[in-house]
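Subject: Structure for your review

Dear colleague,

Please find below the structure that I am handing over to you. My notes on what was found in it follow directly after.

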Amino acid sequence: MKMNGKLYHGACFYPELWDEDVLDEDIWMMKRAGINVVRIGEFAWSRMEPEEGRIDVGFFAGVIRKLHDNKIETVMCTPTATPPIWLTHGHPERMHVNEKGETMGHGSRQHACTNHPYFRERARLIIKHIAKELGELPGLIGWQLDNEFKCHVAECMCETCNTLWHKWLEDRYQTIDRLNEAWGTGVWSETYQRFEQVPQPGPTPFLHNSSLRTMYQLFSMDKISEFAREQAEVIRTYSNAPITHNSSVMFGVDHEDLFKSLDFASFDTYASQENSAAFLFNCDLWRNIKKGRPFWIMETSPSYSASLESYAVPHQNGYLKAEAVSSYALGGAAFCYWLWRQQRAGSEQPHGSVISAWGEPDVGYDHVLEVEQARREVEHIMLATDPLQAETAVVYSDRAKVFLKTEPHRGLHYRTLITEFYNRLLKMGIHRDVILEGSPLDGYKLLFTPFIHYLPPAFIKKAEAFAQSGGIWIAGPLTGGRTENHTVHTDCGLGELEKSSGVKTLYTFPMDERNSSGAAFGVKAPLSLWSAVFKAGGTEAVGIIEKGPASGKAFITEHKCGKGKIVMLGSMPAGEAGDIMMKKLISHYAEEAGVTQKTDATPGTVVAPRKGADGLVWVVINMDGKGGAVTLDGNGTDLLSDRPVSGRVTLGPHEYRVVLFSENK
């Protein structure tokens, strides 16, 4: 879905905060900077409906028309993240309540409960009005729902949510006896007699039952997805423009469920150059959330992010350009900034912008011009090619994020764990996809499912079939040890995963890297995290524990499964030696699986392969600002200079190259 045959270079724009002269000045400066799309309206509910029932979106219609006249297109947002004062004043029952029982007051954003029936009613009405008045305007090319669902708030604990929670539980379990059995509520006399007795996971002397806390998070995710579906249904009545939501792996949403009802995926990212792995992880994930459709980066800073209480370091010269080119190369259709003109008031006054509040180019302005130059240079290549599906996939799971929030052991954080795991593949030059639990596995050769406490039976069946047909599936660490209801298996340690993988789990326990170590692939390394220890049985023991409570037992096994294998990684190798062991493991199984999409790019340099009618294209980008190199896989043509190129290619700091290999390579 390459919208209107172009790559977009955009910014978030708040015309409602400025007068007509500033609006005209902004549009003139946008055209100079190459901005061809803006996002508007997401925080403007009080401008659209200053008093209950008095709705007027004519101002925004005029803005969209004026932008269109100047060849700038618009993504229109629903303003539901910031309900106006008339909706909340004197109505604490409509407000978000956090897990401490604190009721939010008016101000900031996301202060209202999105499940409250009156909020939903008013949200539908304002969205209907916006969609009806603006939905067919020339220049309106897309819709964004709300803004960053569950960014600032977690699960709501208000009375509305309490009632909905009980209904959700009854729909899920049918009878209270089934819930009690599934959750094991006999522990600590938590047995319930009716659904309305089941509490929300609010203040308590010690920890809540794991099932209660995990299910409440899943309930909250279900309800925010429901809210998104409601909004999308209203918009589609009046507009054919595609719909998205700007999200992040940080937020408390189920992206797989959320984006089922949306048309394209978009995300916000403020990763620094030092954390460019997180930026690339996002691109590899969002490319696969709506597979086959380009994603949008809806927000990133042109220089630095900041609020009244904090600020980040400005980007190094050249990094913004590297971000933009890598995002386009990895499947993005748009690269947009938060924000265009610095806000003169509010809580984000210090945030970096393209131009200052007084209308002068900000510190990141020259970087924006570099992005525009790069966009123009690569646009025709990106439009003529598509990202190449990887042979290697890592599964990302928002359910895993939920389970680890409930059971973080000693401060484990899913986003950190999965990004660090991903970063090994990145540093090894392996082209990779980050996929969801429901994604098809066709075309992959090597599959990783780390840190997923609960794997649904349908996924296990799908991954087992993947192995049967010749793939290699590597499960773990921290995978399979919990049931759907966040309890411990009672038939075997890892449930259905154990039955498929041919191992017997002897015990699970936390390994301390100071006192536990193992050997595999010719490397000895400390072992860490909550670990599963195996009796090999009908499998081959590949990794043996040499020190610690389980000495002599296996922590890595492999099981032949049809034409392929299932590999169990029961513990996480730690430290420098552990990193070497993991790289050896990945290399070993990548070679055995026949993975060919691998380069020798130096760390900090990324290769994004794309495919077009003329052949394979490598987009090579240096991300770390230190320069880099890669060996080309045959003779090619540098599409930016139209010169032949082969062998070892070097790049300067933040430089990018685009190389076409002929079809007969």
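Helices (H or I, at least four residues) and strands (E, at least two) are DSSP runs, numbered from the N terminus. The model is predicted, so local features need pLDDT of at least 70 and side-chain atom pairs count only at pLDDT 80 or more, while totals for chains, interfaces and linings use all residues. Residues are numbered from 1 along each chain as its sequence is written, and side-chain values use heavy atoms, with hydrogens and water left out.

Salt bridges

A salt bridge is taken here as a side-chain nitrogen of Lys or Arg within 4 Å of a carboxyl oxygen of Asp or Glu. By this rule the model has 43 salt bridges.

One of them joins Asp171 to Lys167, with 3.1 Å between the closest N and O atoms. Because Asp171 and Lys167 are four residues apart in helix H6 (residues 159-173), about one helical turn separates them. For exposure, buried means under 20% relative accessible area, exposed over 50%, and partly exposed in between (1.4 Å probe, protein chains only). Asp171 has 48% relative accessibility and therefore counts as partly exposed.

A second salt bridge pairs Arg287 with Asp433, and here the closest N and O atoms are 2.7 Å apart. This pair links distant parts of the chain: Arg287 belongs to helix H10 (residues 276-289) and Asp433 to strand S12 (residues 432-435), 146 residues apart. Both Arg287 and Asp433 are buried.

Lys499 and Asp491 also form a salt bridge, their closest N and O atoms being 3.0 Å apart.

Helix packing

Two packed helices are described by the angle between their axes and the distance between the axes. The axes are lines fitted to C-alpha atoms, for helices over the stretch in contact, and the angles run from 0 to 180 degrees between N-to-C directions. Angles under 35 degrees count as roughly parallel, over 145 as roughly antiparallel, 65 to 115 as roughly perpendicular and the rest as oblique. A crossing is left-handed if the near helix is turned anticlockwise from the far one by less than a right angle, and right-handed if clockwise.

How are helix H1 (residues 20-33) and helix H3 (residues 58-69) arranged? Their axes come within 11 Å and cross at roughly 30°, so H1 and H3 are roughly parallel to each other. The crossing of H1 and H3 is right-handed.

For H8 and helix H13 (residues 398-406), the axes come within 9 Å and the crossing angle is roughly 140°. H8 and H13 are therefore oblique to each other, and their crossing is right-handed.

A nonpolar surface patch

Patches are made of residues with over 30% relative accessible area and no salt bridge, where like charges are joined within 9 Å and nonpolar side chains (Val, Leu, Ile, Met, Phe, Trp, Tyr) within 5 Å. Accessible areas come from the Shrake-Rupley method with a 1.4 Å probe, and for residues only the protein chains shown count as cover. Val187, Trp188, Phe206 and Leu207 make up a nonpolar patch on the surface, with about 520 Å² of accessible area together. Val187 is located in the loop between helix H7 (176-183) and helix H8 (210-238), and its 52% relative accessibility makes it count as exposed.

The loop between S14 and H16

Arg482 lies in the loop between strand S14 (472-475) and helix H16 (495-501). With 14% relative accessibility, Arg482 counts as buried. Its C-alpha atom is separated by 51 Å from that of Ser646, 164 residues apart along the chain. Glu484 is found in the loop between S14 and H16 and is partly exposed, with a relative accessible area of 38%. Pro477 is found in the loop between S14 and H16, and the peptide bond leading from Gly476 to Pro477 is cis, with omega near 0°.

Other backbone features

A cis peptide bond also runs from Trp338 to Leu339, with omega near 10°. Leu339 is placed in the loop between strand S9 (332-337) and helix H12 (365-383).

Glu148 has phi near 50°, a positive value in a residue other than glycine. Glu148 sits in the loop between strand S4 (140-144) and H6, and at 7% relative accessibility it counts as buried. For His409, phi is near 55°, likewise positive in a residue other than glycine. His409 lies in the loop between H13 and helix H14 (414-427), and its 27% relative accessibility makes it partly exposed.

With kind regards
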